[in-house]
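Hi,

Here is the structure you asked about, for you to open alongside this message. My notes on what turned up follow below it.

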Amino acid sequence: MVNKEEPSLQDVPRTVSVGSLLSEGDELSEDSHYYEDVPNGIWDDVGLRSPNLSNTSTPELPLNSMEGPPWTSASSTPVIKVGWLDKNPPQGPHISYSARSYIYQKRWVRLDSDYLRYFDSDKDAYSKRFIPVSSISRVSGISDQKFEVITHNRTFVFRAESDAERKDWMQALQQAVEEQRDRTRLSKASPLEPHCSWIPDQAGSLELRGVKSKLYVVVAGDKVLLYKNLEEYQMGIGITFIDMSVGNVKDSDRRSFDLTTPYRIFSFSAESESEKAEWLEAMQGAIAEALSTMDVAEKIWADAPNQLCADCGAPHPDWASINLCLVICKRCAGEHRWLGPSVSKVRSLKMDRKVWTEDLIELFHHLGNEAGKRFWAANVPPSEALHPSSSPEDRRHHLEAKYREGKYRRYHRFFGKQEELDKALCVAVTTTDLEETQALLGCGAAINCFSGDPAAPTPLAVARQAGQRLQMEFLRNNQTSEMPRLDPVSIVEKHYSVIQPTVSHSGFLFKTASVAKHLQERRAREEFSRRWCVLSDGVLSYYENERAVMPNGEIRASEIVCLAVPPSDTHGFDSTFEVYTETERMYLFASESPDLAREWVKCIAKAFVPAHAEELLCRDFERLGRLSYKAGLSLQRTQEGWFALAGSELRVVFKESPSEEALHLRKLQELSIEGDKEVLVLVERGRTLYIQGERKLDFTGWLGAIQKAAASSGDTLSEQQLGDSDIPVIVYRCIDYITQCGLTSEGIYRKCGQTSKTQRVLDSLRRDARSVRLKEGEHHVDDVSSALKRFLRDLPDGLFTRTQRSAWLDTAAIENEEEKISRYQELLGLLPPVNRATVKALISHLYCVQCFSETNQMNTHNLAIVFGPTLFQTDGQDYKAGRVVEDLIDHYVQVFSVDEEELRKQREEITAIVKMRVAGSASGTQHAGDFICTVYLEKKATETEQHVKIPASMTAQELTMEILDRRNVRIKEKDYWTCFEVNEREEAERPLHYTEKVLPILHSLGTDSHLVVKKYLAMEAMLMYLASKVGDTKHGMMKFREDRNLLGLGLSTGSFHDRYFMLNGSYLRLFKEIRNLKQHSGGLENSHKPEKEWPIKSLKIYLGVKKKLRPPTCWGLTVVHETEKHERQQWYLCCDTQMELREWFATFFLVQHGGTVWPSEPSKVVRPVPESKLGSVSLIPLRGNENEMRRSVAAFTSDSLSETNETTPTPSSGNM
């Protein structure tokens, strides 16, 4: 026999190699008539079940045939014998020996304990045929070094090169058959037979390119197996199988897809697109299975109940619902995902390794399927129970009833009693009874209910306080869960579904060449090229056409950092999207159809957004991606978060937060850029966020998109930048400036400003009102007032809206005043929130204007004549418009329900402003309202004093920055420079909040008080305390002393007494003893009221207590309270430790100023350089010589302010 060399795999074209899998002449024609009666669709009758064969001698496909790569020595089944043999085509048992073909072909044959395989060559990865050893009935020798391998249905003839070699092969085969039979007998005696319940993930007939007839393909575990037809599958005799650890699946055409390995490309075609999608999903699941790990699964399966699916009982479930603490199979997991993450958070035991912390695994040991079934499936009727073979429709119906509606749950004894459920939950989380916690939450207990303890206000905080880490883990996983309701509600379909384990999509897109810079110019349609794109297995590939084998390029999902959707008119195509990668490349894609583009965006987003940020996919977005950020007190450590920009909202999933948070960009207090466009600072009330640009390309896009979203987007009120009270910033800026500079201006609002200047002011405010600072000397009040009127007149829907305008005008005709006011209040409530807030702010301002009508000549009637036609857009044709405005100003307090405290503060502020302006006018200043004040740097001394011009709008932060700028003081990291109000007589000082206006404070200073700018050494410790603090309350013991017996408490005024204090967002309360407090329902019993309580907003808290009072400790506070009757009360508090003092003061500071304690970044104060100078200090221009100028400064200190006494030393802030 001539030994011919086989051609190597590298010498054979790839298309030929694929075809050669079945292209040898004997196999293409072998016994073709023998299976003519076997219908190809027989699998439809059997379903996805194990073959149920009546002939027990025909083996089922054992599971161990699918373990490990069959062509490597590292296979789990060791190779027994391997070598070259000549092979004769296989024969049916009814064909005589004389009729058999004598055509032999050389084959590389490999035998292991499970399979006999033969290959084209010893370098081939995939066999031409595999024969289960279990199906071999006998091996016998025939003439000329030949031997037969006889199965129940086939006879395979091989020829060796010598009798000795034939003898070795026959002995090896006979021994393998005998050992296989022994193993079969042992497996039948064993109670566990894993192959008996084996169900393939997908099976059916597919076309394979290069092969004429369809093949029967099976996806099982981490393998894809190929058979000639269904009957050969049932007999276990196949062609080859593919280990999916080296496989990749790509969608290639309408019904076709490719299975790519390093050795072959298998191009399959299904009957329909829906069937193709099923095959893609199954093969991608096999890839995930091949790349998964069993470590977590084995730990979870250590508990016997977790070895079966909690819902249908299928064995070896490898998925779990981490909030329900249930282990489920793959089929049930798909339906759990359909319920949404608010009902069931589905994770894989094998793939989501980062999710499975030791605490979560231990939690599944304590709860798991045994406890879960006792609660969720306590009342399942046998007729409604699921089984492993249940259909997807049955599973979905059952699981929705089970977990969304709670139909089968075990009802807690407190079910339907919310208060009792919440109380029981707060008790349960302090114990190890996890089943009780599960039952309470499942029956409706509120996971964030108030516990009654301000120190631990929520069940999670209570569990943390009790050291119950498993309770904490369970509560954290259920923070966003929706528990069953009594009446099921309809499910609102979301734009984006939750993340699937694998995502696949394919189709034609148009694409431009990738770029490394931000696109500034428009891309025409001609610049796009049509490409076949495939998203599969975490890779976005694009091909020349749908038939191309090799892609033109690939984008890995793990490298995608941002996905952007430009407006429809940005490029030549209406529907485009941009993909940014870590390598600083931007890929622009386009589609003819908006729906197709939206589907692509959805799929790509699913592919690269991690599971913990999947909530961001529940709504449409303009930009989505990951960015580095700093927040809170962790400014030294950069963290990674996921961001989605949708309209004017920036939704964020922070690393330390379990759910998404929203930043309303139009309501930001500050939006600025630090450095060379490397850090974006977003300041919202109560928090500051620093977004850092690690990659310039995508960060540039984020900067532009966020700035655009934060700006006004239209002409309506709701589209403007808004303040905290929903007042448009453009309205607030104008009103504030006129209040500070124009209340006494004659003819304010009646006089018109210059048209060109008015338009410039209005244009700048429309572009970005937040960044505009109206300054006296640069902007005339008449220009600003005209800009405000024009803005209100040009509103498309008007301030009072078109639909309600006539109702407002009709109300003016009502004669009964009480009825009229009631009707105005009713109409006010019907306005949109932004309109309602704007109306109140405007009328409040006009109320202040008319208070000075003797000076400005603008009484209520005159203001109504001006604003009636403006607000109602009537052009003076309806006199009732003026009547409405006049009524609203006259009845301002009643219509808008203004309380006395609010009215008092408003009057005090206006009085201070006007007084300063009158004093300035009397002293001969050129600009009314200018005020000069002496401020000291670090300490009170002649060499440290600075004379500063104080505008009415200047804040403490701006004053601090101006002083530091003048002295060229550089602010270092963690330098907290602050302006202090120092009271020398009381030996106390008060750090001003950075937003406090300086002018009213100056007006209230006594002769023994002054302002000093210095470092606040305790601020860092205060910020760290507040960052770790939960809530805005504090309570505890302090030593208390009155200043003269004004409070009526009967205490001696000569000593300090122990008292218990409670501080919350509204009041400071004083109690006589601790035992008067009862920790029940979060507060005091009704019978134990505080001895005294004060509104927190009416208190001024100073650091320090004067020494002559002999305080018991050096850590004291001086508290000043001014009553509504302007009576001044003062008392003193002492703490036991410095840390306790800082905690109390930090909490006072927090609640008095709405949750903000320190600004994000002190903004530089830029002011025009005055013409006059005193030494090196800039001064406002004043008349007269230097002595007259100094006397003009003293003129401002009339009444409560007199000449400054500099003899008293500045109190030390060392106690803080």
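In the protein chain, 63% of the contacts with a separation of 6 or more are between residues 24 or more positions apart. Please keep in mind as you read that this is a predicted model. The secondary structure comes to 33 helices and 45 strands. Of the 1216 residues in the protein chain, 53% are buried. The accessible surface of the chain is about 55000 Å², and carbon and sulfur atoms account for 48% of that.

Now for some local spots, beginning with a pair of helices. Helix α20 (residues 781-793) packs against helix α25 (residues 860-872) at an angle of about 35°, and their axes lie 7 Å apart. On the α20 side the contact is made by K789, L792 and R793, while α25 brings V866, F867, T870 and L871. Sorted by class, this contact has 4 nonpolar residues, 1 polar residue and 2 charged residues.

Helix α32 is mostly covered, with 13 of its 15 residues buried. After the helix comes G1154, which has a positive phi, near 65°.

A710 counts as buried because its relative accessible area is 1%, under the 20% cut-off. What does A710 touch, leaving aside residues up to four places away in sequence? Its partners are L665, R666, L671, Q721 and R770. The C-alpha atom of A710 is also 8.1 Å from that of H664, although the two residues are 46 apart along the chain.

For C1135, the nearest cysteine sulfur belongs to C1134 and is 7.4 Å away, whereas a disulfide needs the two sulfur atoms within 2.5 Å. Is C1135 buried or exposed? C1135 is buried, with a relative accessible area of 0%. C752, on the other hand, is exposed, with a relative accessible area of 63%.

Happy to go through any of this with you.

Best wishes

Terms used. Residues numbered from 1 in each chain as written. Predicted model: local features only at pLDDT ≥ 70, side-chain atom pairs only at ≥ 80, totals over all residues. Heavy atoms only, no water. Buried < 20%, exposed > 50% of the residue type's maximum accessible area, 1.4 Å probe, protein only. Helix = DSSP H or I, 4+ residues; strand = E, 2+ residues; numbered from the N terminus. Contact = heavy atoms within 4.5 Å. Areas by Shrake-Rupley, 256 points an atom, 1.4 Å probe, with all protein chains shown as cover. Axes fitted to C-alpha atoms, helices over the stretch in contact; angles between N-to-C directions. Nonpolar A, V, L, I, M, F, W, Y, C, P; charged D, E, K, R; others polar.
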